[in-house]
Structures are given as structure tokens and as C-alpha cells.
Amino acid sequence: MSETQVPNRFSIFHRGLAKGPAYEAWREGICRGFCRLDVGPTDDNRIDCHNEFTLLHSVAIATPRGGSARFARTRGLLSDGCDDLVLIFATRGTVRVTQGSKAIELKRGQMCLTEMNIVGTADLTQSGSFTTTRFPRRLLLQVAPMAETQLARPLGRELALSAMIERYSALCTELVGDLDVPGQQAPAHHLADLVGLVLGSSAEQREFAAKDGVAKARLDLMKADVLKNLDNGKLTIDAIARANALSTRQAQRLFAAERTTFSEYVLEQRLLLARRLLLHAQGAGRKVSDIAYAVGFNDLSYFHRAFRRKFGAAPAEMQMELGRRH
């Protein structure tokens, strides 16, 4: 069974015996629709799996959840010619992965790189779950030319970098529906830069990734944390920096690279959110002060001044205009 959400994000699930029309429809949806994999049970001939798929430009992210599914790149599927590289990231417990005759055990936070032109499996079980990110081989080799020397082995000894890859993948999945094609391409390349650091790049490429892709990915993560905490009137750059394993100075430099500051970004996002709330139909009967406090302003006079400076009208005037239209 499938659930359509946005054009480049969808989910498909099956719970029950690994036979019958419902199972075959789910199996074909995975094989032909997205993963180019066969799928069967890992336990008692039953499937328990909910798959969420995200297509981020040329990068495909899959998040299976549940307790029983074996995803297999079989010999029969190799004829499709796909040679993409796949990063498998263990998100819970222990995950068993095979590539050819080699078996790899991944602990929580570890990764391994596999390739689609070799038979292999990844097991979703009650004791272990994972995500996969499939990259065009050429894209990953551009940032990590030696990536093929890192195949079929546990990766992820740098815990901070592993955590960053996990968080950035989740952020991409969350926001992909709001991004146009150029907007998708940038985070896809940032994600490849992060993975390239794990796989090992040349000194020149590491420097570029650190200055460009990784820096932008770190900034995206900080911005996401800001948006989740706009209602906190005591939000500081120190707290956001600590949450992202950065010093305050490093965080300041990342915002400065986009010709803004942390305070300017927070103010702009709070004002934009306040305007959305004021213009929402449910905001017609809501006090302006309530909205100001809800988006993190502690000083009402400052809120009114900043709002008028930004939008050319007082909050109450904008709210009244909404009332006249309705």
C-alpha cells in the first residue's frame, strides 16, 4: 500500500505475509518504483515495513521502519546497469549488510558504502534499523575519488560527523517538498560533501568541502534549530552553536558568510512567522500581543517597530486588512 505526499517524497508499506496481491504490489513498488531492489522477510515469512522515500535531485534517500524486511540487490536485477553507490547508516541497534560474499555488522551511528552493481542485502529487524542514501557514482567520486577503496567496511569513527550526516539527511527529507530543482541540487551536493569527508578526500577537496558544502550544511542545520525554537524568547547563538558542536565564533562566521548575523536571521524569521499568523484566518480574533509573545518577542514596543520597518504597516493594520477581506 502506498501514500502519496509530494511528488518527490512518498511512502509505501506492508504488514503481513510475504505472499499475495498486497505483498506483490508493495514488492513491485519498491523494485520498480524506487529502490531497484527485491524485498522479502527476515523472520517467519512476514513483512513488517514502512518505507519513506525522498528524491533530492539526483540523490535518493530511503528510510525503512519496522521489524522484518530484507532488501536485496539480486543477480537478476544487475542487468538494469545501475552502478550507484549507496551509503547505509545504522540508526538503531545492529544492522547486518552483505556485499557479495562479505558480511558487515554495523552498530548505531556506523555506516558502510555499498554498490548497486554487486549482489548484496541489508536487513531491517526488531533489533536493528537503518537509512540508505543512494548517490550517482560520478557525484560521489567527484568529492571522494578514493571512495571505491572504502567499500563494504564499517565507517563512522568520527561521531560528530556521523551525527551531522544523520541530521542533515533528516532535514533534507523534511524540507524537500518545499524546494525547487535548484534548491534540491544544493543540499544534495552538501550531503555528498559530508559523506566525502567520511570516505576520505584529497587535501584540496577536504579544504573545499570544509569551506563550502560542509559549512553550508552546518548553517542549514543551525537555521533549522532556530526555526524550531523561535518561540523561545531567550534563544541565543551560544545555545544553537553548542547544539551543533560549534564554538560561538564558528557559528558567527557561518552566518557572516551569508552576509547576515544570527540576530538578524532570528529577527527576520520571527517577523515572517508573526505575519503568517496575523494573516491566517484564525488570527483575526487573536491579540497582537499574544502573537508577538508566541514567536519569541519579549518587548512589544520593539516588535511593533521592527514589524512596521519590515512590512510598512503596523501588526494591527495588517490584521484589520485581513478582516476587511473576509
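Let me begin with what I mean by a cavity: on a 1 Å grid over the protein atoms alone, a cavity is a set of points where a 1.4 Å probe fits but cannot get out, while a pocket is an open set with protein on both sides within 12 Å along at least five of seven lines, and lining residues have an atom within 4 Å of a point. Grid points are joined across faces, edges and corners, and a volume is the space filled by probe spheres set on the points.

This is a predicted model, in which local features need pLDDT of at least 70 and side-chain atom pairs count only at pLDDT 80 or more, whereas totals for chains, interfaces and linings use all residues. Residues are numbered from 1 along each chain as its sequence is written, and side-chain values use heavy atoms, with hydrogens and water left out.

The count comes to one cavity of 30 Å³ or more, and the volume of the largest cavity is about 310 Å³. Its lining comprises 26 residues, of which Leu37, Val86, Ile88, Met116 and Thr132 are the closest to the centre. Among the elements that each supply at least two lining residues are helix H1 (21-35), strand S4 (46-56) and strand S6 (85-99); helices (H or I, at least four residues) and strands (E, at least two) are DSSP runs, numbered from the N terminus. The largest share, six residues, comes from S5. By class, this lining has 16 nonpolar, seven polar and three charged residues, where Ala, Val, Leu, Ile, Met, Phe, Trp, Tyr, Cys and Pro count as nonpolar, Asp, Glu, Lys and Arg as charged, and the others, Gly among them, as polar.

Turning to the largest pocket, about 420 Å³ of space lies in it. Its lining has 15 residues, with Leu171, Leu175, Leu179, Asp220 and Leu227 nearest the centre, and helices H3 (159-175), H4 (181-199) and H6 (213-228) each supply at least two of the lining residues. Nine residues of that lining are nonpolar, one is polar and five are charged.

The structure holds nine aromatic pairs, a pair being rings of Phe, Tyr and Trp (its six-membered ring) with centres within 6.5 Å, and planes under 30 degrees apart count as stacked, over 60 as edge-to-face and the rest as tilted. The ring centres of Phe71 and Phe130 are 6.2 Å apart and their planes stand at 90°, so this pair is edge-to-face. Because Phe71 lies in strand S5 (residues 59-73) and Phe130 in strand S10 (residues 128-135), the pair ties together parts that are 59 residues apart in sequence. Phe71 is buried at a relative accessible area of 6%, and Phe130 is buried at 2%; buried means under 20% relative accessible area, exposed over 50%, and partly exposed in between (1.4 Å probe, protein chains only). Elsewhere, Phe297, Tyr302, Phe303, Phe307 and Phe311 form one aromatic cluster.

What does the search for disulfides (pairs of cysteine sulfur atoms within 2.5 Å) return? Across the whole structure it finds zero. Cys82 is in no disulfide, and the nearest cysteine sulfur, that of Cys35, is 11 Å away. Cys82 counts as buried at 6% relative accessibility, and Cys35 is buried as well, with a relative accessible area of 8%.

Finally, Gly200 sits in the loop between H4 and helix H5 (203-211), and counts as partly exposed at 26% relative accessibility.

Terms used. A disulfide is a pair of cysteine sulfur atoms within 2.5 Å.
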